[in-house]
Structure formats: structure tokens, C-alpha cells
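Hi,

Here is the structure I said I would pass on. Have a look, and my notes follow below.

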Amino acid sequence: MDRLDNTVRPYAWGSTTAIPRLLGAEPTGEPQAEMWMGAHPGAPSRTGRGTLAEVIDADPERELGAAAVAKFGPRLPFLLKLLAAGSPLSLQVHPDRAQAQAGYEDEERRGVPITAPHRNYKDANHKPELICALTEFDGLCGFRDPLHAAQLLDGLGVDSLKPYVDLLHARPEEAALREVLTAVLTADPDETAHTVTETAAACDRLGGDYAPYAGIAHHYPGDPGVIAALLLNHVRLQPGEALYLGAGVPHAYLDGLGVEIMANSDNVLRCGLTPKHVDVPELLRIVRFEAADPGVLRPEAGPDDEEVYETPTDEFRLSRYVLPEGAPAHDLTLDAPQILLCTAGTVRAGEHDLTPGQSVFVPAGEKAEVWGTGTVFRATVVI
């Protein structure tokens, strides 16, 4: 079992206080957006045996187990994070596996450098993800029903939004959502900026259901993503609640601290709320234009006090143990790789004492007993 030394990514949208508060450290004044736990080449966790990527590369079957290697290949198929949003992340979607493979092969064939700012596909993998709130957590997830979106837009009283309202009323669901998002992202930039300014003022004035969008507009003045965001469901998670985000579902995280787990991929198609590249034609090919309830997940009781967040994805499985004082040890041994992350209290994992924000990697088949008083998240795979 290896204690992990993890990198914190200082993205501009990160909270300056949430991760330091969890770790019991003094804020530096700089944003601390994500702490990565895993073997992703962008920032692999460090162990006493080298980086976790080097450890796994040296003997994949020993570290991951034969079944995991046979199913996913000789790599850790998930990335675990602490995510701390202090301002909205970009509005985005992720491709499914077939779309990612086709997009990656096309960009490779055309010689688009992997580091090019206009590159869409950094790898050939899909990127389903799950976010579990540690604090109250705000996000956008999936399209509203077109008639509800029309009602929300109409209620702003902004004349330049009327064509979008009419489209949402006049078309079948998929066509309505597709036409409106296309129109928003391809409109004249100066006209759009003016519309966004008026929309932001109306959201600020009306408050209530409009308040989250006023906050988004404050961070991204003039960005067409502000209008696109109004087409999406706003979700406020309470601690312990989670969202699963599958392929093609538009989403954005707005504020809060959570545990995030995803398939090991960097593939992102952006819709707005970002200065980065937005490839509108490719985005429209990937987005699933269907209204859906966000589907807030709550943990389901598993064996031995495990609380499981059920998803349709095999690359990762996230669960947690809330350990009361005096509880007996839990045997978490699996024939699959695991990362254990403490988020509250003090927990003993094997020979390691873990406090909030600390984590360990458990190789497949390694004895893994956990006890103490606190909360431990368990990340593994389904084999």
C-alpha cells in the first residue's frame, strides 16, 4: 500500500480556500482547483517507489491485477480528484468512446499537434465522470425541457431572446434544442455580447431561479455560454449527493468542493464560459439534444457498511465508508486496484494514518484494512 503525494492544479476557476481548509493548511492566496490522485501522465501521484505511473508500468499485472489488465489494458483506468470550484468551469460535453476514437484518429491523420489549442481529442478514450459533493455544490447538468427553457428566457423580458423563445415553442424537442444552441453559438459576437449584457442585468434584477445565471454572467461578461447555460438544469447538491455525467451531456460546475472520479481521458468539447477554443461543428456533433432530469444520486447501501454510487461505467466505481467511533475494522481487500481518500476525521489504512485530503494506492490483492473515525472514499473498477 503506497501513500500518495498528489499535485494540486492551480486553474484560474479554483477556490483559494476550499482545498486548504480540507487539508488544514493556510491558503496561499492562489487558486487551488484540483488535486489529482492517479497515474494520469499530466500529473501522476508520487509514491516511495516512483510516480504511480512508473510503478504500474513496471509491473501492470501485479499492481492492477490480471482481470483489470485484461479488461482495460496495462493502465489505471480512472482518475480521482478533489475538485474545488470558486467560479464556473467551462460549459462542456465529452464524447463517447467511438466518437473519441474517430476524432483522435482524424486529428492524428491531419497532423494536428497534441498540444495545439484547437485540438479537440487528446486521446482515444471516453470521459464519463461522477462528482460527489463534500460541501453544498452548484452545477448545471443536461437540457431543460424546451418549454421550460422558453418560459425562463421569456421571463427575462429581453427582446433579442424572443427568436430563441419562438424556436423552443415551435419545434420538436431535439430540433428545438439543436437550433437554439446553434443559433446562440453562431450569432454575431457583438450582438450576442449586447444580448448577454441585457440578460445578465435581468437575471440580477429578478434573482430567484435566475440568480445562478447572474453569477455566471458576472464571471463571463458577454460570453454566449451565458445564454446556453439558461437552457440547462441548475442543480444544487447537498453533501453526499452526486451527479453522473455521461457522453454528450452538457454540464458545468459552478461552486463548491467535491470528490470527482472519471475515466482517464482529457477529451473536452466546450460550449462557452471560456476563452479557450470552441469548435462549434464538432460540438454540435457530440451533444445529445435531449431534455432530462439531472438524476441526483444518493449512495446505496452495500455490504459491510459500504455506500455505493451506482453508475453504468466499468472504468470506475466510487463508494464511501462513514466510520463511527469504535467501529470495527473493515476489510477492503480486492482483486483490483484501489485508491482510498480520507475526507473527514482520522482513519488508519493499513500502516498509514490518513487525515482529510490524504490518500493511498492499494495494489490488486493487497490486504487493505481500514478503521478509525471519519470518512473514506474508495475508488476502484468493475471487473
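I'll start with L273, which is buried because its relative accessibility is 1% (buried means under 20% relative accessible area, exposed over 50%, partly exposed in between, with a 1.4 Å probe and protein chains only). L273 sits in the loop between strand 13 (269-272) and helix 12 (280-286); helices (H or I, at least four residues) and strands (E, at least two) are DSSP runs, numbered from the N terminus. Its phi is near 60°, a positive value in a residue other than glycine.

Before the rest, some ground rules: this is a predicted model, where local features need pLDDT of at least 70 and side-chain atom pairs count only at pLDDT 80 or more, while totals for chains, interfaces and linings use all residues. Residues are numbered from 1 along each chain as its sequence is written, and side-chain values use heavy atoms, with hydrogens and water left out.

D304 also has a positive phi, about 55°, without being a glycine. You'll find D304 in the loop between strand 14 (300-301) and strand 15 (307-309), and at 42% relative accessibility it counts as partly exposed.

Next, strand 18 (residues 338-349), which runs antiparallel to strand 20 (residues 359-362) and is joined to it by four bridges. Two strands pair if DSSP finds at least two bridges between them. L340 stands opposite V360 of strand 20. Strand 18 also runs antiparallel to strand 21 (residues 369-380), with 10 bridges, and there V347 faces G372. Strand 19 (residues 352-354) pairs with strand 18 too, antiparallel over three bridges, with D353 as the bridge partner of R348. The hairpin of strands 18 and 19 has two residues between the strands, and G350 takes a positive phi near 60° in it.

On to the rings. There are three aromatic pairs (Phe, Tyr and Trp, using the six-membered ring of Trp, with centres within 6.5 Å; planes under 30 degrees apart count as stacked, over 60 as edge-to-face and the rest as tilted). One of them is Y11 with W13: the centres are 5.8 Å apart and the planes at 35°, so this pair is tilted. Another is F137 with Y253, at 5.5 Å and 75°, so edge-to-face. F137 belongs to strand 9 (residues 137-143) and Y253 to strand 12 (residues 251-263), so the pair ties together parts 116 residues apart in sequence. F137 is buried at 2%, and Y253 is buried at 4%.

Cheers
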